[in-house]
Amino acid sequence: MVLFFSPAAICLVLSIGLLVGDVVVRRALLSPLNKIPGPRHARFTSLVLVWHEFRAGRTAYIHRLHQRYGPAVRVGPNEVVFASAAAVKEIYCSGGSGYDKTPFYDIFKVYGRRTMFTTLNKDDHAKKKRVLADRYANTNVVRQPSLDGIAQRATNFVKRCFGSVGGSLDLYIYLHSYAFDCVTHHLFHPHGTDSLNSQHDEEIMREVTFDDSLQNRLVGYYSPTLHKMFGKILYWFAKPRETPLADGFVLGTSAKTDAASFTLLNRLQEPGSKHDSLDIAAECLDHMAAGIDTTGDALCFLMWELSQPASFQYQTKLREELLANPGAPFDKLPYLDAVVMEGLRCFPPIPMSLPRYVPRGGRVIDGYSVPEGTIVSCQAYSVQKTDHNVFPNPDDFSPDRWLEPTGDAERKRLFFAFANGGRGCVGKHLALAEMKLLLQAVYSKFTTRPDDKMTAESMEMSDQLISSRPRGQRCLLRFDPLSPPM
Ligand code: HEM
């Protein structure tokens, strides 16, 4: 009783009360973000959002919020997600490459180095991009030695399909192998991998693709101190990212000095390059990782969809186009293009929001005043499905929508699978070439259908860190040849 009324106790209670009151008043009543719709708890805490992140379900949670509250949603005291073309333009394209990245990208640092992808500040990023960009320009990707390597790997994949006839093929594995072999060809030729034929190289791909470090890395991001103090205990519940085989491969290969002129390695080693050997390895490992899961998962979700009874009509149309134009360049086939665009619209392999800081002075985004320092983002999954005027029946897979004579500009404005602006995907042309060459090779020779052992649940989206993959990490398809192999 005495303690209860002591001046010290009263002071303590008053201080806590004032502190809590201050936070409540500032966050709940005075924040300019209060005008933005969203769940009430988001004014006070991000805990619900973080809980969904740990359960690999951030994208779906935010999408449900967009369906309920509209294209602008406050998801935390200092965080807003948008799903409109106006917001994409402002956040990712204003001034060329949009707003600076947030420290969320520190999670992706390689060997302690900042790569192009993990550089937060846009001026520093622009300097790095100037050095690398031309290796990913379309003209460089479609040059003979570059394209021949991709076509060879598509042929290797088709051999796997023929080998599976009478049974099924786990696309998840072999599409990731295909993407791995293609991207390492572009990074290191003639030292690219051959994981579609070599068990040793397949092991490297598996190590990267089956990484399960989501929770561990999230703890590191949200609480570095906790992560440092309890890292060893955490190891038993949530594994860190460990890729010794991939590290060994990249460190060894990036030290070679005879890479072909179209490769990234060749560019990074040019005389006068400011990169030391660890910078070069870090940049290469980053691009390798960026190129495996994205293209692998995009093709996996798309071929799974094309194999469903409801989409069989689209598979048939695609095959008709391919058979009517044997040997046509992959970029001159409109239906193939429509299939790829629709695949990336419905199943973007990086569906999650890409966080940026509102610059000094604050900005107006999609009609809302947003103060400086607020974390803002758009997620491809919602940007590509929220505007029903541009994408009617947005959940339906319907490649034909991309061939409609009207609305092309609006559709392209809302296409966000590769992000947008100066920080959008530098590997876009490479990824599109890989996807189209593979679909062209497969659907000129086979019809595909799901194996009976598959369930729809195992193909549900499971968020990782910005990318997403099929929950079951397995995708069994059956390949029926149109004619026997030559
Ligand atoms: C279908 C396949 C792909 C998709 C959908 C995709 C998507 C994306 C997206 C959305 C970003 C922006 C990420 C952010 O702002 O946080 C990005 C960046 C990037 N992507 Fe891709 N990507 C694909 C394939 C590739 C490939 C094959 C490479 C090859 C090396 C690649 C390399 C990169 C790099 C290096 C960046 C960072 C660019 C920068 O910061 O300037 N991507 N990608």
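Predicted model: local features only at pLDDT ≥ 70, side-chain atom pairs only at ≥ 80, totals over all residues.
Two strands count as paired here if DSSP finds at least two bridges between them.

Strands E1 and E2 pair in the antiparallel sense over 4 bridges. One of the facing pairs is Val-73, whose bridge partner in E2 is Val-81. E2 runs parallel to E7, and 4 bridges join them; here Glu-79 has Ile-375 of E7 as its bridge partner. E7, residues 375-378, is in turn joined to E4 by 2 bridges, and those two strands run antiparallel. In that pairing, Arg-356 stands opposite Val-376 in E7.

Which way do the residues of E2 point? Glu-79 and Val-81 point one way, while Val-80 and Phe-82 point the other way, and all are buried.

Now let's turn to the ligand. 25 residues surround it, and the closest are Gly-291, Thr-294, Cys-425, Gly-427 and Ala-431. By type, the shell divides into 17 nonpolar, 6 polar and 2 charged residues. Helices H15 (277-306) and H20 (428-443) each supply at least two residues of this shell, and the largest share, 6 residues, comes from H15.

H15 deserves a look of its own. Is this helix mostly covered or exposed? It is mostly covered, with 26 of its 30 residues buried. Its length can be checked too: at 1.5 Å a residue, the 30 residues of H15 should span 44 Å, and the end C-alpha atoms are 43 Å apart, which agrees.

Finally, find Ser-6, in the loop between helix H1 (2-5) and helix H2 (7-30). Why does Ser-6 count as exposed? A residue is exposed if 12 or fewer other C-beta atoms lie within 10 Å of its own, and Ser-6 counts as exposed because it has 11 C-beta neighbours inside 10 Å. The C-alpha atoms of Ser-6 and Leu-268, which are 262 residues apart along the chain, are separated by 69 Å.

Definitions and conventions:
Residues numbered from 1 in each chain as written. Near = placed C-beta within 6 Å. Nonpolar A, V, L, I, M, F, W, Y, C, P; charged D, E, K, R; others polar. Buried ≥ 20, exposed ≤ 12 C-beta atoms within 10 Å, placed from the backbone. Expected span 1.5 Å × (residues − 1).
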